[in-house]
Amino acid sequence: MADAVVRQPGVARPASARKRASLHNALRRKSTVAFLMTLPLILLITLLVVYPAFYSLHLATLNKSMQKFVGFGNFEFLFRRDTFWLVVKQSCIFAITAVVFKALIGFVVAHFVHNIPAKGQRKWRGMLLVPWVIPPAMSTLAWLWLFDPSYSAFNYTLAFFGIGPIPWTGDAAWARFAVILVNVWYGAPFFMIMYLAALKSVPDQLYEAAAIDGANWWQRIWYVTLPMMRNIIAITTLFSLIVTFANFDIVRILTAGGPLDHTHIFATWAFRVGIEGSDIPLGASVSLFMVPILAVAAIFILRDVNKRGNEA
Amino acid sequence: MSRKTLTRRQFVAATAMSSAALISAPYVRGAYAAGKLSIGFWDHWVPGANKASTELVNEWAAKEKVEISIDYITSQGKKIELTIAAEAAAKSGHDVLAMPTWWPHAHAELLEPVNDIMEPIIKQNGDVNGTVKYLGRAGNKWLAVPATIGSQIKGPCSRIDLLKKFANIDIQEIYPAGSQPKADNWNMETFLKAAEACQKGGVPFGIGLGETTDSTDTAGAIFQSFGAELVNAKGDLTVKTDAVRQALEFYKKLIAVLPPDVAAWDDASNNKWLISGKGALIMNPPSAWAVAKRDAPQVAEQCWTHGMPSGPKGRYAPYLPYFWGTWSFSKNKEAAKSLLTHLSQPSSIEKFVAASGGYDLPAYANMTTLKTWQEEGPPKGTLYHYPNPHNHQTLSIAASPAPPKIAQQIYAQATLTKMCLRYAQGEKMEATLAWAEGECEGFMRS
């Protein structure tokens, strides 16, 4: 589609008239109109995302009293702290485990929903999306009551079978399990809906061809479904990995990082250090630590997506 | 249509006349002649307590002709701390702002000194305790004014019946309403024996070991009663001392008789423990008792708030003062100071205490025997010893006497409760001490 306006041959015009005409032409270009229409969003993102991002970069280079430039001093300090490496380890365990389970559950449930007859499918889709549409701060409060150290509803129920009481949030291993479980519960519907959309776009002819070739259920998944869903799996996984690494509300409400710091992740520890400990620069450094790692991961995953797009 | 033009001469004459009229006019004091003042108060959990603050501020504003706006900021989700951090970064915000414990020191450079009003207030209301000086003053500079609203002692709140039944302790006899405590035998040994007896009786003491303030405050007072400091007043590391070892040994024995889930407790857990009737003692200001009055009156009428047990180095009670500060970039410092003086008058303090049902504590020596604490009940006199009227215990904050900026890190990271848990869960004493020393070294960064 032609984007530029073709200039009509004509007589020479004065400079001011030419200027007006070129402005007029610029405004008539589709790209200019598109830019102007997205400008409010660009300004909003600049204000709410770019400025805070650069401000936090600036904060991370200051000393504790925010009066002196220390360069990478805060990061050097963090690298010498055992608690920081504990937080790095836990953030990785939390994010990777949660994303793997969200993807698996989402994949399986998407298949179930896909196979439900169209008539009743809408109801199931709606119901399965409920965990994802409730604000996590609210739903985690409900989970907190289920896991409450002294009055856990789970323990109450388990007691009927002679099990427990389980220290859901009082023991490091159980507390990690609890925060990951809630994150999976909250995030799996997102994977489910994305995978469902991808499944619906796989042409039936491919399955028919596979069936003619004698492919069994597993071979159809492996050779047809998965390759066709690759891009959506990659993008969903990347998106979820970033969001899960940056999680705050679930851990903050459920365990506040305890017991003995064993459930702290980057955001909750940054809050503890920066806001509760009045060391804003160190808090900013903690929260920025993952940026380069996630950026590299994003480049690799998205590059891969691009390649596959071209192959197709 | 005729058009009248203004000549240059006419314009100059008119301007001169109007200027003269304005200058010579009598000064009329408008409704808000003394400007505007924005206030950020802590949002009180007691119904009606905010109303008392609003009334006191309005009373002052009407007299001083100041236009006021009040925001009640909740402490839920650390909203006050977030507001303080945001205002400090933006160098703009409330003219008077409530600041919990460590925050005046954290922003000492940005706070307007209030020596000029603190000196007359102290002269009028009596001296303030050492913790208020430690948290509210940097050198000779008063950083903020101690606030009555929100200040609290987190001493023991015991069940009279359960202590009598299982530990054979008559807590009302030790802490009689209206008179001096007879607490010579109320020490850490007695406390531990009582905790063991109550645990055997199925009503364990409810003392948290989580990472929130209630848990840290109790640990702080117990450590201090053993003389245990992680960092001393000069800023030297003092983790590997006998006093710290003794405190950890004591805690190990105590943890063995506490509910098994105390590592996960937050600031609501101990309240629930008392109100549900499951425990014989918690460490808390009278908020748990006040809620029990509404939700479980049979529990409330058996509650008695009293002093801490003494340790080898004295009797220390967990104390958390709030402050009211004014930023150095405030646009109306004079009005702010005038308001803070008004809020620190004995009559205002009395109103705050009454409105909060005795929860709020003034910092001043002459203000610990108000009527509210003597009359609140049931049972009558349950709050008599809450404000430490006989001064028989030292009011302290966890991690003191370390320099406040280091102590704040020890406090925020809950290093004390983490040490107790690590050791109680089987870590070797020296390993726990080495871990704590490493943590404290990190807290010393400037």
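How far apart do the end C-alpha atoms of residues 93-114 of chain A lie, and what percentage of the span is helix? The end atoms are 31 Å apart, and the span is 100% helix and 0% strand.

Before going on, some ground rules. This is a predicted model, where local features need pLDDT of at least 70, side-chain atom pairs count only at pLDDT 80 or more, and totals for chains, interfaces and linings use all residues. Residues are numbered from 1 along each chain as its sequence is written, while chains are lettered from A and ligands numbered from 1 in the order in which they are written.

**Chain A and its annotated spans**

That opening stretch is one of those that UniProt, in an unreviewed entry, labels "transmembrane region"; the record also lists residues 33-54, 126-146, 174-197, 232-254 and 280-302 of chain A. Such annotations may be inferred rather than shown by experiment. Here are two of these spans side by side; helices are DSSP runs (H or I, at least four residues), strands are E runs of at least two, and both are numbered from the N terminus.

| Span | Helix and strand | End C-alpha atoms |
|---|---|---|
| Residues 93-114 of chain A | 100% helix, 0% strand | 31 Å apart |
| Residues 232-254 of chain A | 87% helix, 0% strand | 31 Å apart |

**Where the chains meet**

Chain A puts 22 residues into the contact and chain B puts in 30; residues are in contact if their C-beta atoms, placed from the backbone, lie within 7 Å. On the chain A side, helix 13 (residues 266-276) gives the most, with 3 residues.

**Inside chain B**

Chain B is split into domain 1 (36-151 + 321-366) and domain 2 (153-319 + 379-443), with bounds from an automatic or database domain assignment. Their C-alpha centres lie 28 Å apart. Domain 1 of chain B brings 14 residues to the contact and domain 2 of chain B brings 18. On the domain 1 side, helix 6 of chain B has the largest share, 3 residues.

Now for a pair of helices. Helix 19 (residues 415-424) and helix 20 (residues 429-443) of chain B have axes that come within 9 Å and cross at roughly 160 degrees. Axes are lines fitted to C-alpha atoms, for helices over the stretch in contact, and angles run from 0 to 180 degrees between N-to-C directions. So helix 19 of chain B is roughly antiparallel to helix 20 of chain B, a term for angles over 145 degrees. Among the residues making this contact are B:Met419 and B:Tyr423 from helix 19 of chain B, and B:Trp435 and B:Ala436 from helix 20 of chain B.

Notes
Contact = placed C-beta atoms within 7 Å. Parallel < 35°, antiparallel > 145°, perpendicular 65-115°, else oblique.
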